[in-house]
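Hi,

Here is the structure I promised to pass on.

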Amino acid sequence: MKKITKICCIGAGYVGGPTMSVIAKQCPEIKVTVVDINQKRIDQWNDNDLDNLPIYEPGLKEMVEATRGKNLFFSTDVDKAIDESEIIFISVNTPTKTYGKGKGQAADLKFIELCARNIAKVAKDDKIVVEKSTLPVRTAEAIKSILDNTGNGVNFEILSNPEFLAEGTAIEDLLNADRVLIGGQETASGQQAKDALSAIYGHWLPKERILQTNVWSSELSKLVANAFLAQRVSSINSISALCERTDANVAEVSRAIGFDSRIGSKFLNSSVGFGGSCFQKDILNLVYIARSFGLQEVADYWEQVIIMNDYQKRRFAENIITTLYNTVSGKKIVFYGWAFKKDTNDTRESAAIYVADALLEENAEILVYDPKVKAETIYADMDYLGTRSPEENRRLLKVTDNAIEAVENAHAIAVLTEWDEFKSYDWAEIYQKMLKPAFVFDGRRLLDKTTMEGFGFKYYKIGES
Ligand code: UDX
Ligand code: ADP
């Protein structure tokens, strides 16, 4: 088997950046180039101050520090990287086409298509093209068709190698992956390509964890894995609503069922709703595919996971409104957290966006504190929703970098992200600063009820009456 010495990744985002840093660290003899058309992003990846990397991810800084300039490079010269690489990973964004009511379900593949056309134009020798972005099933087929019909007559092997890393634990997930999935054509050259990519992961992962399948199984498995995980969250969230009406406690229910080894304890934490760039998008893709094959019941089944998630976000916002005496108009509500989960600065599909939207509809005044998310991202999220003008968003929603001063004269705090630092705050001081009665709505089940009530708070926790 030919030894791979040069690879590149198109797309320097949440997937491409961490994945390539880990490959570079684990495979010192391979030159890894990460390219992006976004100059600002590449400049941030190349910034001497490693605190300015474009994404925040525990352990990432150290990986980049150990490899950048040695065998890891960040550049905007996409063509050069394609030309010199034997393996090209495509890791560009594939957003769902539209948002809001009547959301589109199909993924927008225009960035993928542009990449494929670019590879076809530039490549002068045989290449292995790896789809890493989350993609609808059969995208590999589309990429292959573009490459074969517009290329320079060179052979392209397309592999599907879906990413299973979770943000916030990306480096750990990559180093210690439960499994790596590699889908490819069942031909001799397809097998060679699968083996070449397997050999890269084989630098640090045991053979048994590197699974080879056909392309479509690999593409579909990615969607199904995320659909199953999201389904667990929606399942427990549906029970949280029931717990709030009874004296059951959702944490006790989770614990009780999680002890059953057939069920398992992970992904049973009730929350204000799942977010992130994958869960919703992947389920929508699954629903879209099922529907396009006329499998209505299958589509409806999985769609319910999203319907339940939307309900959970809405329910949280409505509870704030009803509890604050049926009006939040002109009331100051402080958001603790904006990211879709802790230890990331990613806000895509974060529940906070939708809760903010619902409260702003009722003329609340929102002040957001998040330790890692920048104000420009928060405003971009709100503007993207399109519910109100950018001026209105900036008038009604403010962002602060001081979590404690933020609560001065606030009516309520809503905990939207489970950042560890929130647990160590001086909640007695926070209580003093707030208007009374002082409300805390804990969408992450982060704080202790007895302690919070001891301070004097009116404390509401998802999944408890
Ligand atoms: C997910 C998959 O876990 C990962 O394998 C895939 O590659 C990408 O999608 P990610 O979206 O980064 O990863 O984070 P994840 O930890 O799965 O959390 C997704 C959302 O579900 C978050 O908003 C999180 O807060 C929420 N969640 C998760 C819960 O509300 N409860 C849980 O028990 C677990
Ligand atoms: P993900 O979470 O999938 O990594 P991101 O949005 O974080 O998604 O990153 C995707 C990156 O891909 C962005 O930085 C974007 O600029 C880049 N990108 C999109 N299209 C192209 C393209 N045709 N060539 C190079 N980079 C691209």
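Ligand 2 has 16 residues around it, and Y14, V15, D36, R41 and R348 come nearest; a residue is put there if one of its heavy atoms lies within 4 Å of the molecule. Before going on: this is a predicted model, where local features need pLDDT of at least 70 and side-chain atom pairs count only at pLDDT 80 or more, while totals for chains, interfaces and linings use all residues. Residues are numbered from 1 along each chain as its sequence is written, chains are lettered from A and ligands numbered from 1 in the order in which they are written, and side-chain values use heavy atoms, with hydrogens and water left out.

The side chain of D36 has an N or O atom 2.6 Å from an oxygen atom of the ligand, and the side chain of R348 has one 2.7 Å from an oxygen atom of ligand 2. V15 uses its backbone instead, with an N or O atom 2.9 Å from a ligand oxygen. On its own ligand 2 has 580 Å² of accessible area (Shrake-Rupley method, 1.4 Å probe), and the protein covers 88% of that.

R348 turns up again in a salt bridge with E167, at 3.8 Å from N to O. E167 sits in the loop between strand 6 (156-160) and helix 7 (170-175), and R348 in the loop between strand 9 (332-336) and helix 13 (351-361), so the pair ties together parts that are 181 residues apart in sequence. Helices here are DSSP runs of H or I with at least four residues, strands are runs of E with at least two, and both are numbered from the N terminus. The whole structure has 23 salt bridges, counted when a side-chain nitrogen of Lys or Arg is within 4 Å of a carboxyl oxygen of Asp or Glu.

Polar backbone atoms do the following here:

- F164: 2.7 Å from an oxygen atom of ligand 1
- E167: 2.7 Å from an oxygen atom of ligand 1
- N269: 2.7 Å from a nitrogen atom of ligand 1

Of the 660 Å² of accessible area that ligand 1 has on its own, the protein covers 91%.

Cheers

Methods. Polar contact = N/O pair within 3.5 Å; in protein donor to acceptor, adjacent residues only side chain to side chain.
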